[in-house]
Amino acid sequence: MYNKTMPKEKRVKLIVAICVFFVLLISFLTMMILALTGHDFVIDSLNSILFSDRNMFWNGFFKVVTHAGSIFFLILILLVIFMLTRKKYYGIMGFICLFCAGFISTIIKYIVRRPRPEDIALISETGYSFPSTHAVMSMAVFGLIIYFTIKYAKSNALKISVSIAFPIVILLVGISRVYLGVHYFSDVVAGWLLGATLTLGMMIIARIIYHNRRKKKAQAKLEDTNKTN
């Protein structure tokens, strides 16, 4: 996955990232197995706390916020990024991440087959409950955008803005799914774990590809220099 030509500091960071990736993956799989066996999650008691504060303002607010985790909104965001950035592979990786998030979460829904909460939904949703696809996709896509912005953006103001705004959006999207009564809180937490796993996986892949490309360019330049001499 990596080789000795990679600087030691970057090798260590890559190893740490891979370790965190497996921690996230194991955490999600643990929740998935518990959901499969019909386990009652303690965190689902938070559902009733959110329901107790329902009113017209928050109903409207969360009905709007929840669309930030929809596939249509995320596609729009990625299209804007694809058109604005010179490095098109940012957008391409975002679309790959979004597709994987939607596809994998759908497959898992049909494996677990957990029913949605009953008689409390403020919006209409179909399909199974575990995990929350909105939580998976928003975490995966916005997480990847945060990574690329921090890593490659030149503007510190942009880095700070994205680092503050997008985590808030991810959090609000997840809360909106519980508030609107279409998911249990454990569905959202599982979605965040799966989304973070996918994001970190894409970061690791991007880092390895970037290193390999630099290595090939350096080798090609060395070969050209040797031929010239």
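Visitor: Welcome me in: what share of the 229 residues in the protein is buried?
Guide: Happy to! Buried means under 20% relative accessible area, exposed means over 50%, and partly exposed lies in between, with a 1.4 Å probe and protein chains only. Of the 229 residues in the protein, the buried ones make up 42%.

Visitor: What kind of model is this, and how are residues numbered?
Guide: This is a predicted model, in which local features need pLDDT of at least 70, side-chain atom pairs count only at pLDDT 80 or more, and totals for chains, interfaces and linings use all residues. Side-chain values use heavy atoms, with hydrogens and water left out, and residues are numbered along each chain as its sequence is written, from 1.

Visitor: How many helices and strands does the secondary structure come to?
Guide: Helices (H or I, at least four residues) and strands (E, at least two) are DSSP runs, numbered from the N terminus. From that end, the elements run α-α-α-α-α-α-α-α. The count is eight helices and zero strands.

Visitor: At what angle do helix 1 and helix 5 pack?
Guide: Axes are lines fitted to C-alpha atoms, for helices over the stretch in contact, and angles run from 0 to 180 degrees between N-to-C directions. For helix 1 (residues 8-36) and helix 5 (residues 89-112), the axes are 9 Å apart and the angle is about 35°.

Visitor: Which residues of helix 5 make that contact?
Guide: Contact means heavy atoms within 4.5 Å. Helix 1 brings F28, M32, A35 and L36 to the meeting. The partners from helix 5 are I108, I111 and V112.

Visitor: What is phi of R113 near?
Guide: R113 lies in the loop between helix 5 and helix 6. R113 counts as partly exposed because its relative accessible area is 46%. Its phi is positive, in a residue other than glycine, and is near 55°.

Visitor: Is S70 buried or exposed?
Guide: S70 is found in the loop between helix 3 (56-65) and helix 4 (71-84). Leaving aside neighbours within four places in sequence, S70 is in contact with H134 and M137. Because its relative accessible area is 12%, S70 is buried.

Visitor: How many residues of helix 6 are buried?
Guide: Helix 6 covers residues 133-152 and reaches 28 Å from its first C-alpha to its last. Helix 6 is mostly covered, and the number of buried residues among its 20 is 16.

Visitor: What is the relative accessible area of T199?
Guide: T199 has its place in helix 8. Not counting residues up to four places away in sequence, T199 touches M139, A140, G143 and L144. T199 is classed as buried because its relative accessible area is 4%.

Definitions and conventions: The expected span of a helix is 1.5 Å times one less than its number of residues.
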